[in-house]
Amino acid sequence: MTDDGFIALQGVEKVFEVRKKAGFLKRERRAVRAVDGISFAVARGEMVGYIGPNGAGKSTTIKMLTGILTPSAGRLRVAGIDPSRERRLLAHRIGVVFGQRTTLWWDLPLIDSYRLAHRMYRIPDARYRENLDRLVELLELGDLLDVPVRQLSLGQRMRGDIAAALLHDPEVLYLDEPTIGLDVVSKAKVRGFLRELNAERGTTVLLTTHDLQDIEQLCSRVMVIDHGRLMYDGPLAGLHEAGESERTLVVDLERELPPVEVESARVVRVEGPRQWLAFPAGRSAAPLVARLAAEYPLVDLSVREPDIEAVIAKMYAEKAVS
Ligand SMILES: Nc1ncnc2c1ncn2[C@@H]1O[C@H](COP(=O)(O)OP(=O)(O)OP(=O)(O)O)[C@@H](O)[C@H]1O
């Protein structure tokens, strides 16, 4: 593939014209800039998180990447293909899973949707059988193939949808909220499968989610979008610095004491002999622990990582002010 990435966007914009009621008969036209000049490149085999608050422009970006929507401006390529111009050609190279809406046939047994995909994508018979067997095994669908989709639980349906998106061996998989509404066990199954898919097949994955544990467990890189603009693109750890987040050192002292005093950390909570100290997430906890141990009667301690959701919220707040 070219140097500019397997998925490549340069200054991509999407503006929607919406009509708004402005009186009894009057309607006003208004432009909604859903995506406002986004540029990024994703290399083949990367697994990237694409996150942001509601209405940020995530789904619009994914729709442009699949060719459903045409960008208003900018350049966009997936596997060297212009999605909106060659949507059918691209369809053979990509798989899409929308967590909130199924692509499976609601009233038919699960297997019928797969048979349909077999024909629709013209998947060679041997390849279809092989992929179906592998996906059924990995996603634990064996007992569900003859069950009508409407009778499946949400977690089962989601696994069914993921299999449907992968029968034709796509090189790229877009996942829009793949764990939404799933219980802990189902989430773990979906995440485990995606990790394996990426490691074994080198499938490039772009993942949109509100569940930051999805990102934590799957993606080494994360892009944050807000108001149609890219606010952050980098490793997950860097988000903490961007949000100037803090880690927490929880210390158990021998007895109740006034809030401890130690450089570069501040006590944020005291409960009996236990105290919570906030310190910058980018710093090592070791010198802090050493100082505390030298000056106070320490019994036990633990370090808590910051909640990423809070980090992002803080980042937004800071950008809004600046
Ligand atoms: N077809 C459309 N016509 C008009 N406006 C639209 C259309 N699709 C999206 N928008 C607007 O574009 C903006 C971005 O929407 P988008 O669905 O891409 O956000 P999102 O980040 O996916 O949000 P969510 O997390 O809620 O799904 C919103 O203001 C939305 O109302």
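Mentor: Let us begin with the contacts of Gly49 in this predicted model. Apart from neighbours within four places in sequence, Gly49 is in contact with Leu207, Thr209, Ile215, Cys219, Val222 and Met223.

Trainee: How far apart along the chain are Gly49 and Ile215, and what separates their C-alpha atoms?

Mentor: They are 166 residues apart along the chain, yet 5.9 Å separates their C-alpha atoms. For the protein as a whole, 69% of the contacts between residues at least 6 apart in sequence join residues at least 24 apart.

Trainee: Is Gly49 buried or exposed?

Mentor: One counts the C-beta atoms around a residue, and 20 or more within 10 Å make it buried. Gly49 has 22 such neighbours inside 10 Å, and therefore counts as buried. Of the 322 residues of the protein, 35% fall into the buried class.

Trainee: In which strand does Gly49 lie?

Mentor: Gly49 belongs to strand β3. As a general idea, the strands of a sheet pair through backbone hydrogen bonds, in either a parallel or an antiparallel manner. Here, β3 is part of an open sheet of six strands with mixed pairing, in the order β5-β6-β7-β3-β8-β9.

Trainee: Which strands stand at the edges of this sheet?

Mentor: The edges are formed by β5 (94–98) and β9 (229–235); each has a single partner strand, so one side of each lacks a neighbour in the sheet. On average, neighbouring strands are turned by 15° against each other, direction ignored.

Trainee: How many bridges join β5 to β6, and how do the two strands run?

Mentor: There are five bridges between β5 and β6 (residues 172–176), and the two strands run parallel. Within this pair, Val97 stands opposite Leu175 of β6.

Trainee: Which strands does α1 touch where it packs on the sheet?

Mentor: Helix α1 touches β3 (47–51), β5, β6, β7 (204–208) and β8 (221–226), and its direction makes about 150° with that of β6.

Trainee: Which residues are found around the ligand?

Mentor: Among them are Phe16, Val18, Val32, Ala34, Lys58, Ser59 and Thr60. The elements giving two or more residues to this shell are β1 (7–21), β2 (27–42) and α1 (58–66). The most comes from α1, with three residues.

Trainee: What is the make-up of the shell by class?

Mentor: The shell around the ligand comprises five nonpolar, six polar and one charged residues.

Technical notes: Residues numbered from 1 in each chain as written. Predicted model: local features only at pLDDT ≥ 70, side-chain atom pairs only at ≥ 80, totals over all residues. Buried ≥ 20, exposed ≤ 12 C-beta atoms within 10 Å, placed from the backbone. Contact = placed C-beta atoms within 7 Å. Near = placed C-beta within 6 Å. Helix = DSSP H or I, 4+ residues; strand = E, 2+ residues; numbered from the N terminus. Nonpolar A, V, L, I, M, F, W, Y, C, P; charged D, E, K, R; others polar. Pairing = 2+ DSSP bridges. Axes fitted to C-alpha atoms, helices over the stretch in contact; angles between N-to-C directions.
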